[in-house]
Amino acid sequence: DALVKLKSDPYDSVRVTVAQGAARSDKPETIAILREMVDDRSEMVRKEAKRLLTVRETRPAATNQSHP
């Protein structure tokens with residue numbers, strides 16, 4: 001998966017984009033990606049990952065489920 005490959009990209013802006021993509025996905029593994037990114041070396045990436053986790057976790061349950 002591209003998100004998994006790019007979550008360790010050397011460029012902060014790429015990792016922010018990965019976090020944003022993970023937040024839009026309904027795949028369960030994307031939450032794990034966001035949680036890992038909360039510990040990123042870049043403050044910008046950490047803040048965005050935290051913000052996106054908060055947003056994702058406050059969405060209604062129906063939008064957090066995968067669609068068949």
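This is a predicted model: local features need pLDDT of at least 70, side-chain atom pairs count only at pLDDT 80 or more; totals for chains, interfaces and linings use all residues.
Trainee: What pattern does the protein chain follow along the sequence?

Mentor: The protein chain has 5 helices and 0 strands. Of its 68 residues, 35% are buried. Reading along the sequence, you get α-α-α-α-α.

Trainee: How many degrees around the axis do the buried residues of α3 cover?

Mentor: The buried residues in α3 are Thr30, Ile33, Leu34 and Met37. They sit on the same side of α3, because the arc they cover around the axis is only 95 degrees. That arc is taken from the directions from the helix axis to the C-beta atoms. So the value you want is 95 degrees.

Trainee: At roughly what angle do the axes of α2 and α3 cross?

Mentor: Two packed helices are described by the angle between their axes and the distance between the axes. Axes are lines fitted to C-alpha atoms, for helices over the stretch in contact, and angles run from 0 to 180 degrees between N-to-C directions. The crossing of α2 and α3 is left-handed (the near helix is turned anticlockwise from the far one by less than a right angle; clockwise would be right-handed). The two axes come within 8 Å, and they cross at roughly 145 degrees.

Trainee: How many nonpolar residues are in the contact of α2 with α3?

Mentor: Contact means heavy atoms within 4.5 Å. By that criterion, α2 contributes Arg15, Val18, Ala19, Ala22 and Ala23, and α3 contributes Thr30, Ile33, Leu34 and Met37. Ala, Val, Leu, Ile, Met, Phe, Trp, Tyr, Cys and Pro count as nonpolar, Asp, Glu, Lys and Arg as charged, and the others, Gly among them, as polar. The contact has 1 charged and 1 polar residue, and its nonpolar count is 7.

Trainee: How far apart are the C-alpha atoms of valine 18 and leucine 34?

Mentor: Valine 18 belongs to helix α2 and is buried, at a relative accessible area of 3%. Not counting residues up to four places away in sequence, valine 18 touches Leu3, Leu6, Lys7, Ile33 and Met37. Valine 18 and leucine 34 are 16 residues apart in sequence, and their C-alpha separation is 8.7 Å.

Trainee: Which residues does leucine 52 contact beyond its neighbours within four places in sequence?

Mentor: Leucine 52 is found in helix α4, where its 9% relative accessibility makes it buried. Its C-alpha atom is 10.0 Å from that of glycine 21, 31 residues apart along the chain. With those sequence neighbours left aside, the contacts of leucine 52 are Ala19, Gln20, Ala23 and Leu34.

Trainee: Which lysine forms a salt bridge with glutamate 36?

Mentor: A salt bridge is a side-chain nitrogen of Lys or Arg within 4 Å of a carboxyl oxygen of Asp or Glu, and the whole structure has 6 of them. In the pair you ask about, the closest N and O atoms of glutamate 36 and its lysine partner are 2.5 Å apart. Glutamate 36 lies in α3 and its partner in the loop between α1 and α2, so the bridge ties together parts that are 29 residues apart in sequence. That partner is lysine 7.

Trainee: Is arginine 15 buried or exposed?

Mentor: Arginine 15 forms a salt bridge with aspartate 12, with their closest N and O atoms 2.7 Å apart. The two are 3 residues apart in helix α2, so about one helical turn separates them. Aspartate 12 is partly exposed at 30% relative accessibility. Arginine 15, with a relative accessible area of 0%, is buried.

How values were computed:
Residues are numbered from 1 along each chain as its sequence is written. Side-chain values use heavy atoms; hydrogens and water are left out. Helices (H or I, at least four residues) and strands (E, at least two) are DSSP runs, numbered from the N terminus. Buried means under 20% relative accessible area, exposed over 50%, partly exposed in between (1.4 Å probe, protein chains only).
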